[in-house]
Amino acid sequence: RDGYGSYAWDSGAVYSGEWQDGRRHGMGFSVFGDATHYGRYTDEPNGYGALIITNPEHQIAGIEGACIYVGDFVGGTPQGVGTLYDRNGTLLYYGNFSKGHPSATYPTTANYARYRWAHESLPGGDTYEGESNGGIREGFGIYRWADGSVWFGEWEGGVRSGEGLYINANGAMMAGIWA
């Protein structure tokens, strides 16, 4: 496997995105069990991305209510700088992670009330799910068009800005840097 494509394992897990030498490599997303990971892969999630847990009984890093992690991954585990959000989009923690767990004071004591995980329904049926700062798209986000096309990646000042992956309604993919 080289280029863009999707693969489904017997377990039900699915990966769609970039491949190199038969391995997940580049921008992509995986759906497995009750979770979805979006971001950069080097076989496992490695680099910047987001992990979203959909089952309310499960949590990230053993933290009650933590269902969204945005930040750095190493070998599929949160490692480096990251942010945790709860199901309501409230920021729970921003700081360093080590071996999948916050390595500084939890909960975060600084005032990050302007930062949220937002869910927007837009005119025409488009939607946005992702980070916002004071109501402006900022950080990691997923934009879905009404026709079924999707883009996920980095946002700055309300517009796509940085690395991302676009998948059109027919399933064709294109990774790149948006400015």
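I began with aromatic pairs and got a count of 20. My rule was that rings of Phe, Tyr and Trp (its six-membered ring) pair if their centres lie within 6.5 Å; planes under 30 degrees apart count as stacked, over 60 as edge-to-face and the rest as tilted. This is a predicted model, where local features need pLDDT of at least 70, side-chain atom pairs count only at pLDDT 80 or more, and totals for chains, interfaces and linings use all residues. Residues are numbered from 1 along each chain as its sequence is written, and side-chain values use heavy atoms, with hydrogens and water left out.

**Two ring pairs**

I picked Tyr 85 and Trp 117. They form a tilted pair, 5.9 Å centre to centre with 50° between the planes. Tyr 85 is in strand β7 and Trp 117 in strand β10 (residues 115–121), so the pair ties together parts 32 residues apart in sequence. I took strands (E, at least two residues) and helices (H or I, at least four) as DSSP runs, numbered from the N terminus. Both Tyr 85 and Trp 117 are buried. Buried means under 20% relative accessible area, exposed over 50%, and partly exposed in between (1.4 Å probe, protein chains only).

Next I checked Trp 151 and Trp 178. This pair is edge-to-face, with 5.4 Å between centres and 75° between planes. Trp 151 lies in strand β13 and Trp 178 in strand β15 (residues 173–178), 27 residues apart. Trp 151 has 0% relative accessibility, so I noted Trp 151 as buried. Trp 178 is buried too, at 18%. Both belong to one aromatic cluster, together with Tyr 128, Tyr 143, Trp 145, Trp 155 and Tyr 166.

**Charges over rings**

Which ring does the charged end of Arg 160 sit over? I found the ring of Trp 151, with the charged end 5.4 Å from its centre. Likewise, the charged end of Arg 24 sits over the ring of Tyr 15, 5.6 Å from its centre. For this, NZ of Lys or CZ of Arg must be within 6 Å of the ring centre and within 35 degrees of the ring normal.

**The sheet**

I followed nine strands through an open, antiparallel sheet, in the order β1-β2-β3-β4-β5-β6-β7-β8-β9. β1 (3–8) and β9 (101–102) stand at the edges with a single partner strand each, so one side of each has no neighbour in the sheet. Two strands pair if DSSP finds at least two bridges between them. Six bridges join β7 to β8. Val 81 has Asn 96 in β8 as its bridge partner.

**Positive phi**

I noted two residues other than glycine. Asp 43 has phi near 70° and lies in the loop between β4 (35–42) and β5. At 30% relative accessibility, Asp 43 counts as partly exposed. Ala 61 has phi of about 60° and sits in the loop between β5 and β6. At 16%, Ala 61 counts as buried.
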